[in-house]
Amino acid sequence: MKLYSRGQVARRISYGVVVAFVLTAVVFFNLGKNSVKQNENSAQEVSVQDSLAVDTDVLSQDISEDIIIPVAGNSGNYSQDENENISVYKNCNEAVVNINTKVTSYDWFWEPTVTDGGSGSGSIIDKRGYILTNVHVISGATKIYVSLYDGTQYEATVVGEDLDSDLAVIKFDPPAGVTLKTISFGDSTQLQVGQKVIAIGNPFGMERTMTTGIVSGLGRPIQNSNNRIIRNMIQTDAAINPGNSGGPLLDTSGKMIGINTMIMSSSGSSSGVGFAVPSEIAIRVVNDLLKYGKVQRGVINASIVQLTSRIAQYAGLDITTGMLVSEVEEGSLAEKAGLKGGTKAVYYGNRNTILYLGGDIITKIDGIAITSLAEYYSALESKKPGDVVSVVVHRNKKDVTLKITLAE
């Protein structure tokens, strides 16, 4: 048993009292702190509940009343340019049709199969169902289908085609009671560079798409896909893409002043250089196709061959371009006008064709230089039987001018 002195006992008692006091103080401090936190949390809960109660009251009040949200708009206050676009589209879009074709091909066993052909656009020009389009849109087709603005589809037949202008007329029979909307022709001879134009068509199959632009150029001689040169083509920067072919090019009054025909592009899509056959040509072609099934053009009754440097060298000629007159039809208007054919027979091409050398060489027709077969046909494209043309021929190293009446 260990014995302590009186002083040691007193010191131990004092130390225990101090420790007990400190522990008691710590306990009461923590209890007070927790109480404060609980009070704060309670206050926050009350605050949140109060705010929720207020929001609920506000929402209840908003639901019971009409909510007015202002919407920005022009209330139909369109610009003059916009009004023109809207008006033309409303008046003309229902007269533009989508054209799809079927073609017949043959498999390895020479069995015929029908496949999808080309597609393009067209304009209804008569309420009886006559449609103006391009030849290349329906070329090689065994079946032609036209789709109207309301989605109805009809089979069409070919009335007539004209390769020289790349224009064709097809027809479908509208049901009884259906009144078709049509597009009227405008006057392309009055067009000015810079004038606004509007194109409507079905680019990439997207029906009745409208694009706008200006007349970028006039009188462009362009060779088409049929290897024909069409003179006086209208150049436009209105976006024209595959599927627009055959669709109308319109002025701001909604008149058709051109038929969209081709684009100049390295990618096959619009690059801002499109061309349309002017309505001046279309009117004449359509009238003849409806009346005769073909275009009545005046011709020179002569057999001609495009002159080449090889032929010129062989024949000892002093020029290398022009149309060599091989033969002239006996008793024809061309012979009466003094046109002369050749007299020296030679084989030409594959030795199955005979060419006569020594005749006239046509170099100009009505002031238009003739250097190729395409230019020769192009110069006569707008001429009718009975028209008199001025023909410059190269004969014996001299130029001679003849007045030739064109035959049927």
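Author: What follows sets values from a predicted model against the cut-offs behind each label.

Reader: How many aromatic pairs does a search of the whole structure find?

Author: The search finds two aromatic pairs.

Reader: What makes the pair of tyrosine 154 and phenylalanine 172 count as stacked or edge-to-face?

Author: A pair of aromatic rings is described by the distance of the centres and the angle of the planes. The ring centres of tyrosine 154 and phenylalanine 172 are 5.2 Å apart, and the cut-off for a pair is 6.5 Å. Their planes meet at 25°, and planes under 30 degrees apart count as stacked. The pair is therefore stacked.

Reader: Which parts does this pair tie together?

Author: Tyrosine 154 belongs to strand 5, and phenylalanine 172 to the loop between strand 6 and strand 7, so the pair ties together parts 18 residues apart in sequence.

Reader: How do you know whether tyrosine 154 is buried or exposed?

Author: Its relative accessibility is 18%, and buried means under 20%. Tyrosine 154 therefore counts as buried. Phenylalanine 172, with a relative accessible area of 1%, is buried too.

Reader: What makes the pair of tyrosine 376 and tyrosine 377 stacked or edge-to-face?

Author: The ring centres lie 5.5 Å apart and the planes stand at 70°. Planes over 60 degrees apart count as edge-to-face, so that is the name for this pair.

Reader: How do you know that the charged end of lysine 171 sits over the ring of tyrosine 130?

Author: The charged end is 5.4 Å from the ring centre, and the cut-off is 6 Å. The label also needs an angle within 35 degrees of the ring normal.

Reader: What makes strand 6 mostly covered?

Author: Five of its five residues are buried. Leu167, Val169 and Lys171 point one way, and Ala168 and Ile170 the other.

Reader: How do you know that strand 3 and strand 6 pair?

Author: Five bridges join them, and they run antiparallel. At least two bridges are needed for a pair. In one of the contacts between these strands, threonine 133 has alanine 168 as its bridge partner. Strand 5 also pairs with strand 6 in the antiparallel sense, over five bridges, with glutamate 161 opposite alanine 168.

Methods
Residues are numbered from 1 along each chain as its sequence is written. This is a predicted model: local features need pLDDT of at least 70, side-chain atom pairs count only at pLDDT 80 or more; totals for chains, interfaces and linings use all residues. Side-chain values use heavy atoms; hydrogens and water are left out. Buried means under 20% relative accessible area, exposed over 50%, partly exposed in between (1.4 Å probe, protein chains only). Helices (H or I, at least four residues) and strands (E, at least two) are DSSP runs, numbered from the N terminus. Rings of Phe, Tyr and Trp (its six-membered ring) pair if their centres lie within 6.5 Å; planes under 30 degrees apart count as stacked, over 60 as edge-to-face and the rest as tilted.
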